[in-house]
Amino acid sequence: SLEDNPAKFAEAAPVAYTVVKEPETPAVVEQEDDKSSEMVEVVLEEITEEPDWDVINTPPEPEEEIPTLDRTKPLYNVYKNGLAVDVSTELQWYIRDMCENYSFYEKYVYGMILAESTFQPTVSSGGCIGLCQINTFWIRGAAITHFTDDYRDRNLKDPYDNLLTMTEMWCYARDTYGLDLMTEDGIMRVLYWHNSGNDPRYISRSNYADVCMKYANELVPLQ
């Protein structure tokens with residue numbers, strides 16, 4: 001046993017270990033070049049700059065409200081050569097709806113009617129009748145597929161029948177000759193056709209269209 005043999009006991013005595021702590025590796029700090037230092041300084045200056053409190057505290061501007069049109073009131077004051085022309089509110093809104101539905105340049109419809117009849121629904125001249133001075137040929141002999149009802153029973157002295165017939169005539173010209181009736185060029189050509197009945201694709205100007213456009217520019221919008 002270990003008691004009987006002290007030498008063995010000495011051999012079995014615990015060994016004292018010395019822990020050697022390795023020195024910590026110092027952190028490597030990279031030296032910034034001059035440009036980086038300058039950049040840091042500039043950024044710090046921007047961050048610490050005093051904010052513009054007037055801008056921050058200014059409330060956002062309210063969104064602009066789109067005014068609602070009043071169908072009980074007229075859209076325009078209508079003039080011809082500086083003289084007022086009476087056009088009822090109901091008729092003005094009928095023309096507005098017609099132009100929106102069929103993509104017509106609205107003010108030039110007014111110009112054409114002013115040139116043709118000065119908005120006198122019962123006027124007639126040389127077989128042409130009503131607001132748009134439509135020849136009876138268009139409701140009796142023309143083979144136009146745009147007409148939506150029995151147009152032979154229409155009364156061209158009725159402003160609404162007259163405008164409906166004009167609408168279908170212009171749609172016919174638009175589709176036949178490839179006209180864009182929301183542009184001044186397209187309107188110039190359909191006005192030429194309306195007045196003459198001739199192919200409008202190869203003209204560059206129409207004196208009749210010039211007159212209509214002159215009257216159209218006298219409109220004064222009210223809403």
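Predicted model: local features only at pLDDT ≥ 70, side-chain atom pairs only at ≥ 80, totals over all residues.
User: Let's get the overview first. What does the secondary structure of the protein chain come to, and how much of the chain is buried?

Analyst: The chain has nine helices and six strands. Buried residues make up 33% of its 223 residues. Of the contacts between residues at least 6 apart in sequence, 52% join residues at least 24 apart.

User: Why is Leu181 called buried?

Analyst: Buried means under 20% relative accessible area. Leu181 comes in at 1%, so it counts as buried. Leu181 sits in the loop between α7 and α8.

User: What is Leu181 in contact with, leaving aside neighbours within four places in sequence?

Analyst: Its partners are Ser103, Phe104, Tyr105, Trp170, Arg174, Gly186, Ile187 and Val190. Tyr102 is 79 residues away from Leu181 in sequence, yet the two C-alpha atoms are 8.9 Å apart in space.

User: And Gln133, is that buried or exposed?

Analyst: Buried: its relative accessible area is 10%, and the cut-off is under 20%. Gln133 lies in the loop between β4 (128-129) and β5 (134-135). Beyond its neighbours within four places, Gln133 contacts Glu116, Val123, Ser124, Ser125 and Cys128. Ser117 is 16 residues from Gln133 in sequence and 6.9 Å from it, C-alpha to C-alpha.

User: How do α5 and α7 pack, and what classes of residue make the contact?

Analyst: Their axes are 13 Å apart, at an angle of about 115°, and the crossing is right-handed. Val109, Met112 and Ile113 of α5 meet Leu163, Met166 and Trp170 of α7. By class that is six nonpolar, no polar and no charged residues.

User: What makes a set of residues a nonpolar core, and how many residues has the largest one here?

Analyst: The residues must be buried, belong to the nonpolar types on the list for cores, and be joined through side-chain atoms within 4.5 Å. The largest such set has 47 residues, and those with the most contacts inside it are Ile95, Phe119, Met166 and Trp170. At least two residues each come from β1 (76-80), α4 (89-102), α5, α6, α7, α8 and α9. α7 gives the most, with seven residues. In general, nonpolar side chains of soluble globular proteins tend to be buried together.

User: Which residues does Phe119 touch, not counting those up to four places away in sequence?

Analyst: Phe119 touches Val85, Asp86, Val87, Leu91, Ile95, Tyr110, Ile113, Leu114 and Leu131.

User: How do you know that the length of α8 agrees with what a helix should span?

Analyst: Helix α8 has 13 residues (184-196), and at 1.5 Å a residue it should span 18 Å. The expected span uses one less than the number of residues. The end C-alpha atoms of α8 are 18 Å apart, so the two agree.

User: Which residues of α8 are buried, and what do they pack against?

Analyst: Gly186, Ile187, Met188, Arg189, Val190, Leu191, Trp193 and His194 are the buried ones. They pack against α5 (106-116), α6 (137-140), α7 (159-177) and α9 (207-216). Just after α8, Gly197 takes a positive phi of about 80°.

Conventions
Residues numbered from 1 in each chain as written. Heavy atoms only, no water. Helix = DSSP H or I, 4+ residues; strand = E, 2+ residues; numbered from the N terminus. Buried < 20%, exposed > 50% of the residue type's maximum accessible area, 1.4 Å probe, protein only. Contact = heavy atoms within 4.5 Å. Axes fitted to C-alpha atoms, helices over the stretch in contact; angles between N-to-C directions. Left-handed = near helix turned anticlockwise from the far one by under 90°. Nonpolar A, V, L, I, M, F, W, Y, C, P; charged D, E, K, R; others polar.
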